[in-house]
Amino acid sequence: MNHPPATSQKRGRSNSAVGRARLAVAVTIVLAASRALAQQPPDPHFERQQVFESYQRFKDRLAEISSVSDADQRRAQLDALWAALKAAGQVPYAQGGQVAFLYRGAAASVSFPGDFNGWNPGAAGWSAARLPDTDLWILEKSFPVDARLDYKIVAGGSTWLLDPANPLQMWSGFGPNSELRMPEYQYPSETVRQADAPRGTLGSNVRTTSASLGYDVNYRVYTPQGYSPATSQNLPVVYVTDGHEYAADHMGSMVVVLDNLIAAGDLQPVIAVFIDPRDPGNPANNRRASQYVQNPKFLAFVAQELVPAIDGHYRTLASPGGRAILGTSLGGLNSAYFGAQRPDVFGNIAVQSPASFAQLAPGLLNLYATEPLQQKLDLFVSAGTIGDGNGGTSFAAALQQNGYEYQFRQTHEGHSWGQWRGLLDDALLYLIGPTPLAGADFNEDGAVDAADLVQWQAHVGNPSGTAGASHAQGDANGDRAVDGLDFLLWQRQQTAAPAPATNPLPEPSSARHGMTALLASLIRRPCRRYARRGGPFLGGRLGRSVVPRSL
């Protein structure tokens, strides 16, 4: 796991003592400067202009300038080239798969730490060379043409800098990094708020005292536009670790993504619970390093305290298939842990760039091999190909080896919010999708059959209301009542043999009677989990994936 200084990507998610020490030193250097910077999302409108017909012609022009004998003319020509490169968005200079990191200034040495070298300014092969008789430093590398990476400049071996000639930045938990976008990188448009997209509501911090953890925790709840505690259908819930960063527009941008996807009809309305790992009384104290590494107390807090509280206050799809847990880095490791330990609570597991299983959770992958979880969990895994560690690839390999259904997505990026925010739509569309789960598969075994009818019979007559019936009790249409309408949906969706004899059905109320035929005619699709198995992956930027869906 890599880790830049305080104004760099959140590499505080380091797995090594060396990494933590390097981070601590860097924080003292740049923290004051980073706090003064405005927190802005990345620029979605950046376009790189071509300056030369080829990368080699760019190199030739540098050589020509360096060979000018008159110092004033040499500097004037370099100034003119520099101005042209900046105006074209070509610092760093990237063409095809080649890139030249560039810096102008007096310095004893210049290096470029970033996603690509573990944020190590002393890494071999990452020191720039000065163009003879100029103040221009250059470091040449090659990357995939669609790569996106975070980096910084270190001058004189100790001074960490944002690239002063590059306006592109990507924020981390500690501040901004400079951002390299290779020529064919596609900006994730779903992270840009659409002007006509209705906005959901992100509530204020709710502070709760956890009996399991023994301290207070903050969380915020997102509800989609139009949500009503009295009339809304039961909605899926996504629980999000590192929630304060996922919810921030300049980092995870998840609120924007939710609003855009829901408004477009690509994602059914959902509730999101953003859990903040920081001490409410001292936000500088981030507890994620202890909370997210196979911590049974944190699991108990979320599964036994927070989930019941959310189900009690909101109209939720209160079943494993209606809940997802999402996290990145250590939070990704935590998601995998929650899936292995509490599939009865969380049926949808989103794991982004998980930390090293071998180093931090050596027994966790074995649970996915030995426990009967294949039919209980749907899993989404994402990772970068450049400096992102092997946690994602090792987890995906374990899932494939043990017969799980899952989606694995990779992009040519590093361990950065730039990667994670850009794959949120893929995770949400795969695990939740546009089709409500509130179908007639009440036991969520992938089939609508007689067992589901038995479950409906056991609860028929349960009243509606905020604390009314759940999907698992037989509420097929999400109105929190178990009645004849739900039976009609079961009858439409059943896939097994004819149902056994039943007691007489209760008559729908007169207010509902007129809707019965219409509702029945609209039900054409089986439940989400059943339909997706064997079906194609829907949505996402398939062109940005370098690893197809693993079957």
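# A guided tour of sheets and rings

Start by selecting strand β2 together with strand β5 (residues 136-142): these two pair in the antiparallel sense, with seven bridges between them. Keep in mind as you go that this is a predicted model. For a close-up of the pairing, pick Leu 102, whose bridge partner in β5 is Ile 138.

Now widen the selection to the whole sheet. Four strands make up this open sheet, in the order β1-β2-β5-β4, and the pairing is antiparallel.

Next, bring in the helices. Select helix α2 (residues 55-66), which lies across β1, β2 and β5 and runs at about 30° to β2.

**Stop two: aromatic rings**

Show the side chains of Phe, Tyr and Trp. How many aromatic pairs does the count come to? There are 26 aromatic pairs in the count. Zoom in on Phe 101 and Tyr 151: their ring centres are 5.2 Å apart and their planes stand at 65°, so this pair is edge-to-face, a label for angles over 60. The pair links distant parts of the chain, with Phe 101 in strand β2 (residues 98-104) and Tyr 151 in strand β6 (residues 148-151), 50 residues apart. Are these two residues buried or exposed? Phe 101 counts as buried at 0% relative accessibility, and Tyr 151 counts as buried at 0% too.

Move on to Phe 338 and Phe 346. Here the ring centres are 5.6 Å apart and the planes are at 40°, so the pair is tilted. Phe 338 is buried, with a relative accessible area of 0%, and Phe 346 is buried with a value of 0% as well. To see what surrounds this pair, select Tyr 239, Tyr 292, Phe 298, Phe 301, Tyr 337, Phe 338 and Phe 346 together: ring pairs link these residues into a cluster.

**Stop three: charges over rings**

Select Trp 126 and Lys 141: the charged end of Lys 141 sits over the ring of Trp 126, 4.3 Å from the ring centre. Then select Tyr 215 and Arg 287, where the charged end of Arg 287 sits over the ring of Tyr 215, 3.6 Å from the centre.

**Stop four: strand β13 and its partners**

From here, select strand β13 (residues 215-223) and strand β11 (residues 201-202), which run antiparallel and are joined by two bridges. Look for Leu 202, which stands opposite Tyr 222 in β13.

Five bridges join β12 to β13, and the two run antiparallel. Val 206 stands opposite Tyr 219 in β13. Follow the chain through the hairpin of β12 and β13, which has four residues between the strands; Gly 214 takes a positive phi near 80° there.

Which residue in β15 is the bridge partner of Arg 220? That partner is Phe 274. Between them, β13 and β15 share five bridges and pair in the antiparallel sense.

Methods. Residues numbered from 1 in each chain as written. Predicted model: local features only at pLDDT ≥ 70, side-chain atom pairs only at ≥ 80, totals over all residues. Heavy atoms only, no water. Phe/Tyr/Trp six-rings, centres within 6.5 Å; stacked < 30°, edge-to-face > 60°. Buried < 20%, exposed > 50% of the residue type's maximum accessible area, 1.4 Å probe, protein only. Lys NZ or Arg CZ within 6 Å of the ring centre and 35° of its normal. Pairing = 2+ DSSP bridges. Contact = heavy atoms within 4.5 Å. Axes fitted to C-alpha atoms, helices over the stretch in contact; angles between N-to-C directions.
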